[in-house]
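Biologist: I have the file open and want to go through it with you. Can we start with the backbone and then move on?

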Amino acid sequence: MKKFALLTFIFSLVLFSASFAVEKYRDKRISIEIVPATKVIEKGKTNLFAVKVKLTKGWHIYWQNPGDAGEPTILEITTNIPNQPKIIPQYPVPTYKNTSGIVTFEYRDIVYFPFYLWIPRDFDKKELEIQLKAKWLVCKHICIPGKAVIVKKFRIATGNFQFQQNNEIFNSLRFVPKDTIIGEIKLSSNRALLIFPLNFEDRLRKVFFYPITEGVFDLELEPEFSTNGNKISMRLPFVRYIWGDTSKIEGVVEFTFYNGEKKYFITKFVK
Amino acid sequence: MKNAILILMMLFAFSFALLAQEAKIDQQAPDFKLEDINGMDVLLSDYSGKIVVLEWINFDCPYVRKHYQSENIPKMQEKYTKQGVIWMAICSSAPGKEGYLPVGEIKKRIKQYNAKMSFYLIDSDGKVGKMYGAKTTPHFFIINKEGKLVYSGAVDDKPSTNIEDIKSARNYVAEVVDALLSGGNPPVKVTKPYGCSVKYK
């Protein structure tokens, strides 16, 4: 009984402490912080920041669609800038992992989730306060859910400073899809044909689709693709039990060219 | 000679049909035979005419623990098995992977959680799990009295490990079984399963 009470107390303490705002969250498996892309934060400019997640070797978290198992990583940003709506950072393209037929979209090692903030010229605070609400499931052989509120204050520059930047954040932008393309979707009994209005001069080697809409496609099979004039078509088989909404398909498409270059687009398909 | 070839061909076709079996909603649930923790062979088709609940399980998964520590699943097991429902908990964890436990430990956990499943079945090669497309623990499949698979998905609509969420959750499994017991149609057929991945070999 005493042991149970002690365990309950420790568990409550962990939960209680997890709900406190911290400048940086850190445990044995994961650390999370807000980092600026430039040393100087300026008014009247769009400043780039990122949520930096560092995972201990062997551990991973999930993309916005975790895949067949796991839970999405949820990140929400608010600030002390007046009338600034809630910001969802951008999710870089995840790593595809197939474990005995269970496909997941994961992040390992270090991952940056970038976001831009416009600070008005008339912003009257000396410090910019950014609050991050984060929720995740970190897994290795076991999965451990976590959540944290992280608050970081950044001094706003008042004079001219030497411009220094965090190159890791700028480099990470390469893995974040920027442009959105509206495609067409044709559904048959066992698969979907996704049609992109795109034409590349370079030869395509591979096309891959990371669905944001969950529960529609069988993630295990590599999609077939073909090019025809100004269109690229991709065939994706349906999952055995469809529970997602087939009328609103969203995802990220990854085009790999023969020269090794990759391009990413956010895609939305309409029937 | 001709007869021998014919028999061989039939045998081949039969084994191919067995291999090609795949569970699909609104279709006949594929049959299987698995050993339970008491060494008894359990054949799904032996329970035709009954409502059968298949629950993929891994006692070490925090999502499974949520529903067992809270007694959410054990209470459903007790309630529905008393009404003639057959509740099969199936563990597809491969030896050496999370959830693959010695029989003594499984029995200990069943007692600890006051679980009341009809059978705890061992599927360590994962064949039945893959035949049904079990992705997570827990993941539920419900078969009606006619032997058709009528539900695949989560236990409820709150994909978390927080026990407190159970109170406000919509319990899909209870809704489907209640509907079947009263002779009606399940209010939902497919939902998103949530939990740990099944630890197949």
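Biologist: Is B:Asn114 buried, partly exposed or exposed?
Modeller: B:Asn114 is partly exposed, with a relative accessible area of 36%. Keep in mind that this is a predicted model.

Biologist: Where is B:Asn114 found in chain B?
Modeller: B:Asn114 is in the loop between helix H4 (103–113) and strand S5 (119–122) of chain B. Its phi is near 60 degrees, a positive value in a residue other than glycine.

Biologist: What about A:Ser100, what is its phi?
Modeller: A:Ser100 has a positive phi of about 50 degrees, and it is not a glycine either. The residue sits in the loop between strand S7 (95–99) and S8 of chain A. A:Ser100 is partly exposed, at 24% relative accessible area.

Biologist: Which peptide bond is cis around B:Pro138?
Modeller: The bond from B:Thr137 to B:Pro138 is cis, with omega near -5 degrees. B:Pro138 belongs to the loop between strand S6 (136–137) and S7 of chain B.

Biologist: On to the sheet in chain B. In what order do the seven strands come?
Modeller: The order is S2-S1-S5-S4-S3-S7-S8, in an open sheet with mixed pairing. Strands S2 (41–43) and S8 (149–153) of chain B stand at the edges with a single partner strand each, so one side of each has no neighbour in the sheet. Neighbouring strands are turned by 30 degrees against each other on average, direction ignored.

Biologist: How many residues of S7(B) are buried?
Modeller: Five of the five are buried, so S7(B) is largely enclosed by the rest of the structure.

Biologist: And which way do the side chains of S7(B) point?
Modeller: B:His139, B:Phe141 and B:Ile143 point one way, while B:Phe140 and B:Ile142 point the other way. In a regular strand, side chains alternate between the two faces of the sheet.

Biologist: In what sense do S3 and S7 of chain B pair?
Modeller: Strand S3 (residues 52–56) and strand S7 (residues 139–143) of chain B pair in the antiparallel sense, over five bridges. B:Glu55 is opposite B:Phe140, and B:Leu54 is opposite B:Phe141.

Biologist: What about the S8(B) side of S7(B), how many bridges there?
Modeller: Four bridges, again in the antiparallel sense. B:Ile142 is opposite B:Tyr151 in S8(B). The hairpin of these two strands has five residues between them, and B:Gly147 there takes a positive phi near 85 degrees.

Biologist: Switching to helices. How many residues of H2(B) are buried?
Modeller: Six of the eight residues of helix H2 (residues 62–69) of chain B are buried. Among them are B:Lys66 and B:His67. Just after H2(B), B:Glu71 takes a positive phi of about 65 degrees.

Biologist: Now the cysteines. How many disulfides over all chains?
Modeller: Two disulfides over all chains. One joins A:Cys139 to A:Cys143, S to S 2.2 Å, and both of those cysteines are buried. The torsion about that S-S bond is about 115 degrees, so the disulfide is right-handed.

Biologist: Which cysteines form the one in chain B?
Modeller: B:Cys61 and B:Cys196, with their sulfur atoms 2.2 Å apart. This link is right-handed, with 90 degrees about the S-S bond. B:Cys61 lies in the loop between S3 and H2 of chain B and B:Cys196 in strand S9 (residues 196–197), so the pair ties together parts 135 residues apart in sequence.

Biologist: Buried or exposed, those two, B:Cys61 and B:Cys196?
Modeller: B:Cys61 is buried, with a relative accessible area of 0%. B:Cys196 is buried as well, at 1%.

Biologist: Last topic, confidence. What is the mean pLDDT of chain B?
Modeller: The mean is 92, and 90% of the residues of chain B reach 70 or more. Over residues 11–19 of chain B, pLDDT stays under 50, and the model has zero contacts beyond four places in sequence for that stretch.

Biologist: What are the ipTM and pTM scores?
Modeller: The model scores ipTM 0.80 and pTM 0.85.

Key
Residues are numbered from 1 along each chain as its sequence is written. Chains are lettered from A and ligands numbered from 1 in the order in which they are written. This is a predicted model: local features need pLDDT of at least 70, side-chain atom pairs count only at pLDDT 80 or more; totals for chains, interfaces and linings use all residues. Side-chain values use heavy atoms; hydrogens and water are left out. Two strands pair if DSSP finds at least two bridges between them. Axes are lines fitted to C-alpha atoms, for helices over the stretch in contact, and angles run from 0 to 180 degrees between N-to-C directions. Buried means under 20% relative accessible area, exposed over 50%, partly exposed in between (1.4 Å probe, protein chains only). pLDDT is the predictor's confidence in each residue, from 0 to 100. Contact means heavy atoms within 4.5 Å. A disulfide is a pair of cysteine sulfur atoms within 2.5 Å.
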